[in-house]
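Q: I'd like to learn how to read salt bridges in a protein model. Can you walk me through it?

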Amino acid sequence: MATASNHYSRVISEELLCPVCLEELKEPKFLACAHNICKECLEMVGRNGREVRCPVCRRSIDIPEGGVSCIPTNAVLVRLIEATPGRKERLEIQLSLERAKPVVRTMTIKISDLDKVLTDLTVNVDKVEKEIHDKADQLVEAIRKQETSLCSEVEEFYGRKQDMINKQKSTLFKLHSNALNSVNLAEAILKQNDAIEIGEITTALVQQLDEVSLLNLEEPADTSTYDERLVFSMNTEATCEKILENKKFGKVSKNFLKAQSRPSSTVSSIDWSQSGQVLHKLGHKGSKKGSFKGPAGVSTNEFEEIAVSDFFNNRIQVFDSRLKFQFEFGKKGIDNGQFQGPTGVVYTSYNNIIVFDSKNSRVQIFNRNGEFVSKFGQQGSGPGDFGQSGTLSVDKSGDIIVTDSDNNRVQVFSNNGVFKFQFGGRGTEGFDNPLDTIAIDNEYFTTDSGNYCIKVFNAEGQYVRQFGRQGAGAGAFQCPRGLAVDYINELILVCDSENHSVHILKPDGSCLGKFPTKKIPVALAIFQKYYLLVCSYHSNRVQLISYA
């Protein structure tokens, strides 16, 4: 009975829609062909004033001398529309939606303002540091100690302010995400026009939208977080003689900008379900600096520098903590420091950069500046040999873990490339196309794409267990690929390339949540504790994503 009722409601709802604007009929005009169309839409399609072609049956209909207004209005449909179930509720949701949308737009502006504040703060700090260095270079070597001390004050100030502003940005992003979800839900419900669903959700949805519209986005009373700036001044009494006696040649003091409107912040609780908001997109398709053709790996170091392997451009690109391009190294070739399809890239605890050079079947090691240090491996299937696809990671002890996809195995090397042992092979306790491996708590976790799961091995490489299955739900995979470890929360992050998503898992395999990404996520890394960097292979960019 309920099914028949629902079918009847859908049929009635479709008949109440204008075939031109696809919205609820407004002053429906009854054509000679027995079809109905909005008066305004009829005037639009019958602009020549003589005839109109029915948008449903394509029959030509003459327009009376008096115009469209003389075509009879379908009074039955008018009464039916007014009596439609849920119409009052839809109007109520529409009004709440219009109140909520400006608030979401205001949040977007506030986020942009925070970015401008941080940029201004960065420019100010860079300017002050330059003044300090310029003055210090004019003095003798004896004042270098003072220079270092003064710069430390500046960096400490910047670090403190940067952390405060980033936390406020993170909070506002979460509020923005919640508000946007409510707005999107309201728009989807209005579009589907399901009277039963509208009746069930109206009260809760209107309450959510009203909460959004009532959010307090006024400026904070204390704006010192944004308005404090640094000023460097010379000590005019500090002669060279007095400087040698430890008299400071200058000082850094705080100043305040003139009062101006600044964005506020609101504290909210952290929830894993709030992860996944795209905050920034780094790069686009191309070969210029900062552009990518198939970003295949990403890693960060203690200085918050970011290394990205650019597969088809045969290079590694390095960015700073502000996602600004710093330098690149490598080009196509087989010589030392050259690549043919670099995939995995990882920073060591000593800030060396290790790269899996896939088509050259080798691993290359570089220093922090991208200068070649050493290499190991060759094409083959013996210990220490590699196929032409795979990736790598580094454990806490510094051992290099290479996932040798073509040979269906994982190999472990010392930090200088000496082979230690291997595990895997084909079979139920082996692999069918492994794609990445990480180590956590004396266990190795490997994404086994052909078996749609993650397999776990102990410190000696012996099979222990596995988790995951084929599917699209939480903890289910179509192509588990890149891995990352959240050591703070003891969690594992997994890229599912074919489901275009990232899973958040405990080491026992239980899933805390997942969120969608776009166009083949293949690798990821945790950045500044609260964010993820995800390589989107087919969109040729690295996405900065929120991480609760």
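A: We'll start with the overall fold and then turn to the charged pairs. Keep in mind that this is a predicted model.

Q: What secondary structure does the protein chain have?

A: The protein chain comes to eight helices and 32 strands. Of its 548 residues, 48% are buried.

Q: How many salt bridges turn up in the whole structure?

A: Look for a Lys or Arg side-chain nitrogen within 4 Å of an Asp or Glu carboxyl oxygen. Here, the search gives 13. One of them pairs Arg-322 with Asp-126, with 3.8 Å between the closest N and O atoms.

Q: Which parts does the pair Arg-322 and Asp-126 tie together?

A: Check where each partner sits. Arg-322 is in the loop between strands E10 and E11, while Asp-126 belongs to helix H4, so the bridge links parts 196 residues apart in sequence.

Q: Are Asp-310 and Arg-315 buried or exposed?

A: Buried means under 20% relative accessible area. Both Asp-310 and Arg-315 are buried, and their salt bridge has its closest N and O atoms 2.8 Å apart. Asp-432 and Arg-426 also form a salt bridge, at 3.7 Å from N to O. There, Arg-426 is exposed, with 63% relative accessible area, and Asp-432 is partly exposed at 30%.

Q: Which residues are linked in a network of salt bridges?

A: Glu-27, Lys-29 and Lys-39 are joined that way.

Terms used: Residues numbered from 1 in each chain as written. Predicted model: local features only at pLDDT ≥ 70, side-chain atom pairs only at ≥ 80, totals over all residues. Heavy atoms only, no water. Helix = DSSP H or I, 4+ residues; strand = E, 2+ residues; numbered from the N terminus. Buried < 20%, exposed > 50% of the residue type's maximum accessible area, 1.4 Å probe, protein only.
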